[in-house]
Amino acid sequence: MEHVVVVGSSLAGLRAGETLRTEGFTGRITLVGAERHQPYDRPPLSKQVLAGTWEPDRIALRRGDGVAALGMDLQLGVPAVALDTEARSVTLADGRELPFDGLVVATGSSPRRVPGQLDLPNVHELRTLDDALALRARLADGGPRVVVVGAGFIGLEVAATATGHGCRVTVLEAAPAPLIRGLGAALGAAVVDAVSGRVGFDVRCGSAIAALEPDGVRLAGGSLVTADVVVVGIGVSPATAW
């Protein structure tokens, strides 16, 4: 192989490039990323970055010229839109085609959306650094009423961080208990009771969502939970559409 294309510039993509170099590959490596940022660590987005205690440079996976030292051709801010396995070519959003001898698909996942979800200015998702910074700006003054849809790990981390900003936070979960997929009903409920009681946000389970609206979240029963900011945190799906 002379040219390996790595599609996905997050942790898995970067580690793939690092491993190729440490295992002795001296050919060309092209790292393609939909985001404009150099590879960074995602877990702090819902905690330290959202809280404002860390700035973006703190979460870089390689500091300074660390990525450049790997000798990779970075194509950032230009997502891959098509793959031709017979021709061995990846098409980028700007129309360019990247031929390859080897391909690493490391595109990760995309946030799931509420059925029929519209792109409203008050509705946020949290997957990228830009998502975290935009949401942080909305929460910074502690004034907004915040509704978080989803009582999984991301949703509850956002709820706790937003409460720390001084926001009034309500978490809506369709399942009968929070964290049920990761911890089970009994342990999930116990953890959230301890956390919400300490930091002060409200968790409402068994809340089926009908729609997201400019002034809040409409429940299946017809009632409206008013909110200035809505954060959707209902899990992810593999990013394979391209």
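The lining of the second largest pocket draws at least two residues from each of α1 (11-22), β2 (28-33) and β8 (109-111), where helices (H or I, at least four residues) and strands (E, at least two) are DSSP runs numbered from the N terminus. The structure is a predicted model, in which local features need pLDDT of at least 70, side-chain atom pairs count only at pLDDT 80 or more, and totals for chains, interfaces and linings use all residues. Residues are numbered from 1 along each chain as its sequence is written, and side-chain values use heavy atoms, with hydrogens and water left out.

A pocket is here an open set of points on a 1 Å grid over the protein atoms alone, where a 1.4 Å probe fits and protein lies on both sides within 12 Å along at least five of seven lines; lining residues have an atom within 4 Å of a point. The second largest pocket has a volume of about 610 Å³, taken as the space filled by probe spheres set on the points, with grid points joined across faces, edges and corners. Of its 29 lining residues, A34, E35, R42, T107 and S109 lie nearest the centre, and β8 gives the most to this lining, with 3 residues. By class, the lining comprises 14 nonpolar, 11 polar and 4 charged residues, with Ala, Val, Leu, Ile, Met, Phe, Trp, Tyr, Cys and Pro counted as nonpolar, Asp, Glu, Lys and Arg as charged, and the others, Gly among them, as polar.

The largest pocket holds about 810 Å³ of space. It is lined by 35 residues, of which G152, G233, I234, G235 and V236 are the closest to its centre. At least two lining residues come from each of α4, β11 (168-173) and α5 (180-183), and the lining of the largest pocket divides into 21 nonpolar, 8 polar and 6 charged residues.

In helix α3 (residues 129-139), the buried residues are L129, A132, L135, R136 and L139; buried means under 20% relative accessible area, exposed over 50%, and partly exposed in between (1.4 Å probe, protein chains only). These residues cover an arc of only 130° around the axis and therefore lie on the same side of α3, the arc being that of the directions from the helix axis to the C-beta atoms. Their cover includes α2 (48-51), β9 (123-125), β10 (145-149), α4 (153-164) and β16 (229-232).

Across the protein, which has 6 helices and 17 strands, buried residues make up 43% of the 242 residues.

How values were computed
Contact means heavy atoms within 4.5 Å.
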